[in-house]
Amino acid sequence: MTAPSSPAPTVELSADDARRIALRAQGLLGAPDRRAGVRGVLRHLGAVQLDTISVLARSHELVPYARLGAVGRPAVESAYWGSAATFEYWSHAACVLPIEEWPLFAFRRRGYRTRGHLWGGEVTEATYRRVLDRLRAEGPLTSTELGGAKKTSEWWDWSDTKIAVERALAFGDVVCTERRSWKRVYAAAEQAVPAELFEQDPTDRECVRQLITQAGAALGVATRADLMDYHRLKAAPFDAALPEAGLVPVTVAGWGAPAWADPAALATAPRGRHRTTLLSPFDSLVWDRARTERIFDMAHRLEAYTPKHKRVHGYFAMPLLAGGRLVGRVDPAREGRTLVARQVSLTSPRHVGALAEALREAASWVGCTAVRVEALHDEALRPVVEKLLS
């Protein structure tokens, strides 16, 4: 679909300008707001993606770690779950979201309700009602506590109860504000969402407009595709709401596509300290592969679902961020108290110091006392790497 015409850009940015703006907007350039902590990171990003893979740590833990450093992992979990400050819903994917965004996803909840029978299978109205009645009477419960998540051992062979409660989650009758042992804990939405938020009912256009504004602030500068992808917005409602979102049309050298910037991002030049860190492949700085390649000239993809013999960089290769650029990849693992870098590649030998710094910090964060590098793309670097890690 062709995007509608927009006002001619009056601001021209270099590719480096755009890269620094994006880094600052994502909280990876400049002093981190440690007082706001993990919840502050979540409020600014607007969404932190969840994923079942846990290698160094789960992805939702890696996101605040990348920005704040070695914040305690229990503090990360307590900031997300059971705090009444967050909820889980479908945004870029399954994401943790600030509870303040509950009204903004009313358009998606209405859309799911219109579609009706989600997640396959026929579930009776009585089953659906029974799930809601139990949650209202007994308080938050997991699907196991509601009667069981699956009919058989097959991954997607959900029980009628599980289908019903997931539909209720999509429709907004139920909310997930906590996970226990990685299981969703479901609660009646009217009991778990603060009344002043639960009662709000913005129109679809208002929801999309505010989500575009939020995505613009989190990305700093972005193309139409970037902005749509952040919360997975559809083209027609996106195009209708974009002119009202308050973003500034800009031109970015080398991007080859119209772009928009958050006005606050253009008000001051990005300055400050760059973070040196390993990034989750699901981090919002790099979760959009096309944007990552455009900004950082790195074609990165998750290879966890690629057959082992076809992997290039490893099962859960994490981009290495240093000096505001992506300068390598590390595929991590843990063996007892040792952090193992199963496979390491760098774009230049001069980034060996950044690699060692990132590995030492990550090891300390997850409680490892040693680091071992197994495979280096350039084995000539091994003596230097091992000396820096010793």
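This is a predicted model: local features need pLDDT of at least 70, side-chain atom pairs count only at pLDDT 80 or more; totals for chains, interfaces and linings use all residues.
In which sense, parallel or antiparallel, do strand 14 and strand 15 pair? Colleagues, strand 14 (residues 338-346) and strand 15 (residues 370-376) pair in the parallel sense, over six bridges; pairing requires that DSSP find at least two bridges between two strands. From strand 14 the chain passes through helix 16 (residues 352-365) to strand 15, a right-handed β-α-β crossover.

Residues are numbered from 1 along each chain as its sequence is written, and side-chain values use heavy atoms, with hydrogens and water left out.

The protein chain contains 17 helices and 15 strands; these are DSSP runs numbered from the N terminus, helices being H or I of at least four residues and strands E of at least two. Buried residues, those under 20% relative accessible area with a 1.4 Å probe and protein chains only, make up 54% of the 390 residues.

I turn to helix 4. Its residues 73-80 include the buried Val76, Ala79 and Tyr80. These buried residues fall within an arc of 95° seen down the axis, so they line one face of the helix; the arc is that of the directions from the helix axis to the C-beta atoms. Gly82, which follows helix 4, has a positive phi near 70°.

Definitions and conventions. A crossover is right-handed if, with the strands pointing away from the viewer, the path from the first strand over the helix to the second runs clockwise. Buried means under 20% relative accessible area, exposed over 50%, partly exposed in between (1.4 Å probe, protein chains only).
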